[in-house]
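Good morning, colleagues. Please have the sequence and the structure in view, and I shall go through a few places in turn.

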Amino acid sequence: MKKLISGRIYLTILLLLSFAACKKLAEDKQADLQHPEAVTVQMMLENGNNPDEQSIRDFEASGQSADNARNNQQHFLYTESNTTGSNEIIAYKMLNNGSLNKKWVTNSGGAGTGSPLGSQGAIALSDDNEWLFAVNAASNSVSSFKINANGRAELAHTISSMGNTPVSLTIHDNLLYVLNRGSDNVHGIRLGNNGSMTHINNSTMPLSGSGVDAPQVSFTPNGNWLLVTEKATNKISSFKVNNNGSLQAGIFTNSTGATPFGFEFARNEYMIVSNAVGGAAGAGSATSYINQNHGVPLAVNGAVPNLQAAPCWVATAAYGRFAYITNTASNNISSYYVAPDGAIYLVQSEAATSGMGPLDIVVASNNYHVYTLNMGSNSITGFKRKPLGGLEHIETANGLPAGATGLAAF
């Protein structure tokens, strides 16, 4: 009798294991269906409903952005000189053909380091494009600037970053957070009228350790979380934002892909991160994450190679269907398609060549022009978006200071 019972138990266990294996195979098969191995034209066109594709046709049909046609607005691009002694904000007027006309230079109220910061988000615009904010990396401070109708940035206020070597900042509503790479922390600032800034109590939080070499901080699109990439530790730090603007203790998650660097959000939800992989030739990749309510970013379809060296900075098209990544050691730009479920697919390993050592990249508000800041050639290169993730060179504006860093445009 005992042998009979034991046999039945053994058979039951086998059946359960078999069921579990079949279920796992089914799940894997479903995952394969959800994430095909290669992108197709049909996928990217989204049955004719891809708004990032449509915006290209609209711009080329009208010869100017809908925003210009409706409001006759002027559009501007900004960078900072990051020079030692006196950091400056440099403003360019963006012409309808995408070329840049240098217009204004404004003292930032602090000092730069004299060499590129190796970060994304050194300058940022408010949502209404009325205010510009910039780090002064050698002065350990942040400055605010009023944007006038002619595009000039006028210094309004400067405040301590409450740490050493601020390199990146991010804005959501009336909150600004700054990343201090030298002291491995983030700090919160509340934005007031007339560009005023005040420190937020209990907002200074440490990253996962010391010497993490963090390149970027950013709010999630809904403002509920603050995220930081850490190159040296291969981690992504997540901080829950409290109602009063302060932060809860950090959650530290291993990244999917080595040397996570810059990131931007696509489809208002997915965090697209470049993986520099230590700058190794041909080893670069990018990863798409969904940020869970518990603060742990979950990779959607792994680290997707782009076969280039040192992918570092990321920009996404207005509707989040395409991501563009500068490859600093390859002197070019890769393009990825972002599917509705957040999975990313390499479209063009080399969508365009850039200037030497491309750093920051930005997609203009017309969703047509794209610009890269190139540290090796001290220049800004302009491109126009082409269908299916393509880019076409327009012109290059030369003569930037050697340490110039950060790009912002409207």
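**Ser-144 and its surroundings**

Leaving aside neighbours within four places in sequence, Ser-144 is in contact with Leu-132, Phe-133, Glu-154, Leu-155, Ala-156, His-157, Gly-195 and Met-197; contact means heavy atoms within 4.5 Å. This is a predicted model, in which local features need pLDDT of at least 70 and side-chain atom pairs count only at pLDDT 80 or more, while totals for chains, interfaces and linings use all residues. Residues are numbered from 1 along each chain as its sequence is written, and side-chain values use heavy atoms, with hydrogens and water left out.

Ser-144 lies in strand 6, residues 141–147; strands are DSSP runs of E with at least two residues, helices are runs of H or I with at least four, and both are numbered from the N terminus. Is Ser-144 buried or exposed? Ser-144 is buried, at a relative accessible area of 0%, where buried means under 20%, exposed over 50% and partly exposed in between, with a 1.4 Å probe and protein chains only. The side chain of Ser-144 reaches the backbone oxygen of Gly-195 at 2.7 Å.

Let us turn to helix 3. The buried residues of helix 3 are Asp-52, Glu-53, Ser-55, Ile-56 and Phe-59. They lie on the same side of helix 3, because they cover an arc of only 160 degrees around the axis, the arc being that of the directions from the helix axis to the C-beta atoms. These buried residues pack against helix 2 (41–45), strand 22 (322–327), strand 26 (369–374) and strand 27 (379–386).

Technical notes
A polar contact is a pair of N or O atoms within 3.5 Å; within protein, one must be able to donate a hydrogen and the other to accept it, and residues adjacent in sequence count only if both atoms are side-chain atoms.
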